[in-house]
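User: I have a model open and would like to go through it piece by piece. Can you help me read it?

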Amino acid sequence: MEDSITRRTLLGAVGAGGFVSIAGCAGDSGDGGGNDDPYSSETKTGDGSSTDNNSSSGNNSTATGGSANVALSMDPTEGVWQVYGGVSPYYTNILEPLIWVSEEMKLEPWLATDWEATSDTTWEFTLRDSVKFHNGEDLVAEHVVWSFEQVLNEWSYAPGWLHVESGSVTAIDETTVEFETSDPFPTFPGTIAHNMIAIQHPDRSRENTEPIGTGPYQVEERTQGQRVRTSGFDDYWNGTPSLDELTFSVITDPNTRALSLQNGDVDVAFDPPKSRVEKLDSNGGTNVTTQLSPGAVYVGCNIYKAPMDDPKLRQALNYATSQSDLVETILSNIGVPAKGPVAESIFWSAHEKLPAYEQDVEKAKELVEESSYDGEALQFHLSNQQVDGELLTQALQQWFDDIGVKVDIQVTEEASFEDTVRSGEPHLILESSGTNSGAADYLIYETFHSEGDVNERLYNEEGTGIYNLGEEVDQLIQAGFQTGDQAEKEQKYEQALQRIMEEAVVVPINYSEYIVAASDGVSSMDLRPIPEMTRWTGLQTGQ
Amino acid sequence: MSNQDSTANQSVIATTRRRYRSVKNSRRLGRFLSNRLNVVGLLFVSVVVLSAIFAPVIAPEGPNEQDLFNRLDSPSAEHPMGTDQLGRDVLSRLLYGARISLQISLAVVAITLAIGTAVGLIAGYAGGWVDEALMRFVDILLAFPGILLALVIAGILGPNLTNIMIALAVVGWTQYARIIRGSVLSVKQEEFVKAAQLMGVPRRRIVLRHILPNVVTPVIVLATMDMAYVILGTAGLSFLGLGAQPPTPEWGTMLSQGRNFVDTAWWVVNFPGLAIMITVLGFNLLGDGLRDVLDPRDMGDVENKGM
């Protein structure tokens, strides 16, 4: 009996405790502040010392001092970055590629000042003079060759991705490097304008995790899975970094990132949850910036699986959808209503020239009536990693239901999602596209060309595919892909995208924006369309 | 004829009355009601069961009726528990969610109870190598942390409610087998079983008619508490994305989808959380009460069995 009373008392206590903790949740969740990361205090000290140094901004000739802490959702110390000494070139500005990408998604000469195609398959890159590595040595062509060899040997997909085999990168003289591509590859410069193809010094150490790059910040301390602390590199070739110290902290949960910012533990937080944006912006002390990225979200229709093979049904789904409603409500006005599958910020996205499917329920119902749809439930797949994916699919499900089309949602583990899509099993797929490099060509090639990554398997096995309309569009994409001429590329890709939207292969949703929240003292953030390419050289944290 | 009917009716009524009176005056009921926590448990469980049964009648709206432009509305007369991130009425979703949770837990408990009892009876009565083999298998299963094994199974099978039920059933039956076997071992030695054996009663009949009724009591108590465990397990797995597919109004899924809105719209997560808590607490209290009433001496058997 003794025992059971204890148990009951315990249950009662648990119940009472539960109520109390729920009441606690209902209030403002600011109690995380007591949980002080030893690191945050360091940041605060840094802020204090920088108070009288906030007069100048932008690229300065002298360091203004101070420190900042940036919260990232990704872990820059992940195993995949061993090739660079254990620290990711994404976000950190420690290592730099030959070519950077500008605010307009144009190629920006970086460690290479110039490049030209010397034949169909060879490229000559001229390196910038007097670029110094963090160990004080000058950058020469041999370093570039070595860096490329590392990458090509490290990642098995790299040779196929870059169209360059190991051994076909050669140093012609101290400042000239020649690349030989395995086949004609006009988008080579854009493809290597990617953080993952960074230039490093051969003395970097995999074992001791010591990266050596050319960037404005050099690694001081690296704590696996937690943070990378960097300091300004005074001999940087492109201006002097404004901060003495810049730390990148790993905070994987979006809510925690936002809370850490509110508590002052970090100064900049990437991708806070959309639901908190308004609060972060209106609260004193923090503000929010959004930046259009080269990404887009859309629903792909598997045009080879009945009844999705009927263009009328696909058009009906387009007429059932209101992109602006989705952006306004679920996406909290983050993002831009889309008309096509390729982000507006890419010059050949054809946004202006694509047919607009305004929401028109009556028309959609008629089209469903005329189509071969017979009431079966369509399988709508999405990855569990897709941000806001479940909300978007549920809203679409309701709209499709309104025009008489039944949809079953299936959330799939990210790992098996790609495979499920390529097997052609789903009718509808929530897709998100984007690019981390200056070349966006693969966005259209891999998705809509018969031999692109998505369609290849079924095209080769059964002559079908997923999103590939066939010969005509293949040729347009091929022509656009192979040309180095921007105007021609634009024209060919636009024609292809027009065909794709006329046939309603996709139901566009939005062009993506990403969100960066920062405390009010932070200024001169140099955000780029590709978030991983954010520049920190001029960052100010004067307070 | 009518005369006979009315006499029959009268006798039925009389029996019912007598039964009612005997239940009402029974010591067991008295003992059950004497503890206020038992009554609270019964109340919580009744509320949940009733709202599950009458969900279509009580619910102000359909569970999946969206209204994008009235999303995240705070509780009001129209939406007593506010609206969620797609403008759906939270109260309606909770009521329909009660159906799902109860259906799943009933099904899982029934399956585990059946498997566990069968295995326990066989192992206990047959003894020898059969017993040894079955019980060592149970040991192996029990060596895994239950929810972890369920996680693995649900992960392999893919996310949907049927697979969650399978996962929880695979994990859950072992404790029943153990308890039943233990009781069977002692009941087997009783004289009435020996007598039946000597009279040549078939083995199946001995097990089902003479042993089973004498060993089920602790299991019924455990099953009541297991309802809570299964509801919690379902919500937990769904929270991790291994359970219900959207837009199913499952409580765990509601929690997981609403957790981004904790500080802007507290009602989206706190009401499902409260629902889970009340249900689990209710079943636990009820189970506790039942144990005291049904088998006050035997509580050691049920305590800390893999809960």
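This is a predicted model: local features need pLDDT of at least 70, side-chain atom pairs count only at pLDDT 80 or more; totals for chains, interfaces and linings use all residues.

User: OK. What does UniProt say covers residues 106-452 of chain A?

Analyst: An unreviewed UniProt entry annotates that stretch of chain A as "domain: Solute-binding protein family". Over residues 106-452 of chain A, the chain is 29% helix and 26% strand. The end C-alpha atoms of this stretch are 24 Å apart.

User: And how is chain A divided into domains?

Analyst: Domain 1 is made of 33-82, 207-285 and 520-543. Domain 2 is 96-199, and domain 3 is 292-513.

User: How many residues of domain 1 of chain A are in contact with domain 2?

Analyst: 13 residues of domain 1 are in contact with 17 residues of domain 2. The domain 1 side has six nonpolar, four polar and three charged residues.

User: Switching topic. Is helix H13 of chain A mostly covered or mostly open?

Analyst: Mostly covered: six of the eight residues in H13 (residues 441-448) are buried. Among them are Leu443(A), Ile444(A) and Phe448(A).

User: What do those buried residues pack against?

Analyst: Strand E18 (428-433), helix H15 (471-482) and helix H16 (486-502), each in chain A. Ala496(A) is in contact with Ile444(A) and Phe448(A), and also with residues including Val473(A) and Leu476(A).

User: Which residues touch the most other members of the largest nonpolar core?

Analyst: Ala496(A) is one of them, as are Ala71(A) and Ile500(A), in a core of 146 residues. Strand E19 (residues 506-519) of chain A gives the most to this core, with nine residues.

Note on methods. Residues are numbered from 1 along each chain as its sequence is written. Chains are lettered from A and ligands numbered from 1 in the order in which they are written. Domain bounds come from an automatic or database domain assignment. Two residues are in contact if their C-beta atoms, placed from the backbone, lie within 7 Å. Ala, Val, Leu, Ile, Met, Phe, Trp, Tyr, Cys and Pro count as nonpolar, Asp, Glu, Lys and Arg as charged, and the others, Gly among them, as polar. UniProt positions are given in the numbering used here, feature names are shortened, and annotations may be inferred rather than shown by experiment. Helices (H or I, at least four residues) and strands (E, at least two) are DSSP runs, numbered from the N terminus. A residue is buried if 20 or more other C-beta atoms lie within 10 Å of its own, exposed if 12 or fewer, and partly exposed in between; C-beta atoms are placed from the backbone. A nonpolar core is a set of buried Ala, Val, Leu, Ile, Met, Phe, Trp, Tyr and Cys residues joined through C-beta atoms within 7 Å. Lists of a residue's contacts leave out its neighbours within four places in sequence.
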